Structure formats: C-alpha cells, structure tokens
Amino acid sequence: MLKLSKINTNMSERYYLEGLCHARLEDFEKASDKYKKALDLNSQKIDINYEYGQVLFALNRLRDAREQFTLSAKKEYKKPMALYYMGYISQFIEEHD
C-alpha cells in the first residue's frame, strides 16, 4: 500500500513534467495550471519556481512571476537570471522598492 506522501510526490512529479511539456509547446495557460498543482503538492524540483516564473511572465502575470523568480533566486537556481527578471518586472510595473 502506498503512503499518502508517496502519492503526492508522484503526482507533483507528474504535474511538474506536464507543466514543462506545455511550457515548451507554448501552451502557457495549461503550463501554469500544472505548475501550480505541482507546487500545491510541495514539488521539490529545484527549477520549478524559475520555470513557473517564465510561464507567468509570458502570461503577463508580472507580480506572480516576480514572486516565483524571487523564490528561484532564494534557492540559488539561475540566480543572476532570476534577479534580472525581478528587476525588469519591478521597473516595468514601476515598483522600484
């Protein structure tokens, strides 16, 4: 019998991979939904916040994208690029703090 944590891990992995596929196919709405589900199931993928940020950026959900890039930078994943996007978004939406 599978434990609940194992099931959640398997489902988060599935949603993460589906998100990647949809993102690469430029189906950003579906990718966003899949990444959100993966994060809701506590996905531990190191790149999920950066990838989700890219999708949200493409959907022009800039504040949400900035939040994901911030989480990516905190994880030290693609930190220079995440910081660039954080700065670019902040400048664009005129939130300079």
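This is a predicted model: local features need pLDDT of at least 70, side-chain atom pairs count only at pLDDT 80 or more; totals for chains, interfaces and linings use all residues.

Modeller: Let's take helix α3. Of its 11 residues, 8 are buried, so α3 is largely enclosed by the rest of the structure. Here, buried means under 20% relative accessible area, exposed means over 50%, and partly exposed lies in between, using a 1.4 Å probe and protein chains only. The buried residues of α3 are Ile 48, Asn 49, Tyr 50, Glu 51, Tyr 52, Gly 53, Val 55 and Leu 56.

Residues are numbered from 1 along each chain as its sequence is written, and side-chain values use heavy atoms, with hydrogens and water left out.

Now for the setting. The protein chain has 5 helices and 0 strands, and its elements run α-α-α-α-α from the N terminus on. Helices (H or I, at least four residues) and strands (E, at least two) are DSSP runs, numbered from the N terminus. Across the 97 residues of the protein chain, 38% count as buried. Among contacts with a separation of 6 or more, 44% come from residues 24 or more positions apart; contact means heavy atoms within 4.5 Å.

The axes of α2 and α3 come within 9 Å and cross at roughly 145°. Such axes are lines fitted to C-alpha atoms, for helices over the stretch in contact, and the angles run from 0 to 180 degrees between N-to-C directions. From α2, the contact draws on Phe 28, Ala 31, Ser 32, Tyr 35, Lys 36, Ala 38 and Leu 39, while α3 supplies Ile 48, Asn 49, Glu 51, Tyr 52, Val 55, Leu 56 and Ala 58. Sorted by class, this contact of α2 with α3 holds 10 nonpolar, 2 polar and 2 charged residues. (Ala, Val, Leu, Ile, Met, Phe, Trp, Tyr, Cys and Pro count as nonpolar, Asp, Glu, Lys and Arg as charged, and the others, Gly among them, as polar.)

Another neighbour is helix α5. Helix α3 (residues 48-58) packs with helix α5 (residues 79-92) at an angle of about 30°, and their axes are 11 Å apart. That makes α3 and α5 roughly parallel to each other, because angles under 35 degrees count as roughly parallel, over 145 as roughly antiparallel, 65 to 115 as roughly perpendicular and the rest as oblique. On the α3 side the contact is made by Tyr 50, Gln 54 and Phe 57, and on the α5 side by Met 81, Ala 82, Tyr 85, Tyr 88 and Ile 89. The residues where α3 touches α5 divide into 7 nonpolar, 1 polar and no charged.

Next come the rings. A search of the whole structure finds 10 aromatic pairs. Rings of Phe, Tyr and Trp (its six-membered ring) pair if their centres lie within 6.5 Å; planes under 30 degrees apart count as stacked, over 60 as edge-to-face and the rest as tilted. The pair of Tyr 50 and Tyr 85 is edge-to-face, because the ring centres are 6.5 Å apart and the planes stand at 70°. Since Tyr 50 lies in helix α3 and Tyr 85 in helix α5, this pair ties together parts that are 35 residues apart in sequence. Tyr 50 counts as buried at 6% relative accessibility, and Tyr 85 is buried too, with a relative accessible area of 18%.

Within α5 there is another pair to look at. The rings of Tyr 84 and Tyr 88 are stacked, because their centres are 6.1 Å apart and their planes are at 25°. Tyr 84 and Tyr 88 are 4 residues apart in helix α5, so about one helical turn separates them. Tyr 84 is exposed, with a relative accessible area of 51%, whereas Tyr 88 is partly exposed at 36%. Ring pairs link Tyr 50, Phe 57, Phe 69, Tyr 77, Tyr 84, Tyr 85, Tyr 88 and Phe 92 into a cluster.

Finally, follow the chain past the end of the helix. Asn 60 comes after α3, and its phi is positive, near 65°.
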